Amino acid sequence: MNDPAANKHRNFSVGNKAAALQADLETGGAAMVHVRGERFFAFHQPVAYWVSPAVVPVHGGSVVSIRGSGFPDTRRLKVTIRPNAALYPKAGGDVVVAAKYVSAHEIQFVSPEFDTAFRGDLHLSCNGGVDYHALGQDFEAHDTPHIERLAPYTGPQTGGTTITVFTRNMEFEAGMMPK
């Protein structure tokens, strides 16, 4: 016979001690367990619904908000930015940054400087980098586009002059016209 009260408990290991602990996780999705002076905080995995901005410049400095539910109020939040190595081999490995708790529905981090543009995804750790889980959100870093120069610099008011735009870090598609 299934005892409904038995389903409220889970077993955990604390530190190097394989002590079987029972923690009631129905108290708002988290539980604090104390064993011989050791503490273990158990929480449900947060869920991310939205990242803004999801595209940042490679030079860094953008404040990125992750919105969702179940973010724990802890100073141990870390976000790993994981470039897709198969598509962007020059992007290097994972980049880990500290995140700031804003509310149970939002955390923030400041994008670091990246060596090159890439597309990848985000992973979150709520315990200082010990355990990570994928947030299921895409993330990109791009070189900031620059217009180097225009040629020619002048033309008649009546129009008809073809202008060539010299750029850096900009991609144009066939037939693309400026507004």
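This is a predicted model: local features need pLDDT of at least 70, side-chain atom pairs count only at pLDDT 80 or more; totals for chains, interfaces and linings use all residues.
User: What is the length of the polar contact that joins the side chains of S125 and N127, and how is a polar contact defined?

Analyst: A polar contact is a pair of N or O atoms within 3.5 Å; within protein, one must be able to donate a hydrogen and the other to accept it, and residues adjacent in sequence count only if both atoms are side-chain atoms. Here the side chains of S125 and N127 are joined at 3.0 Å. Residues are numbered from 1 along each chain as its sequence is written, and side-chain values use heavy atoms, with hydrogens and water left out.

User: Is S125 buried or exposed?

Analyst: Buried means under 20% relative accessible area, exposed over 50%, and partly exposed in between (1.4 Å probe, protein chains only). S125 has a relative accessible area of 0%, so this residue is buried. By contrast, V130 counts as exposed because its relative accessibility is 61%.

User: With which residues is S125 in contact, leaving aside neighbours within four places in sequence?

Analyst: Contact means heavy atoms within 4.5 Å. On that basis S125 touches R76, L77, K78, V130, D131 and Y132. Of these, V130 and R76 are 54 residues apart along the chain, with C-alpha atoms separated by 9.9 Å.

User: Where is S125 placed?

Analyst: Strands are DSSP runs (E, at least two residues), numbered from the N terminus. S125 belongs to strand β12.

Methods: Helices (H or I, at least four residues) and strands (E, at least two) are DSSP runs, numbered from the N terminus.
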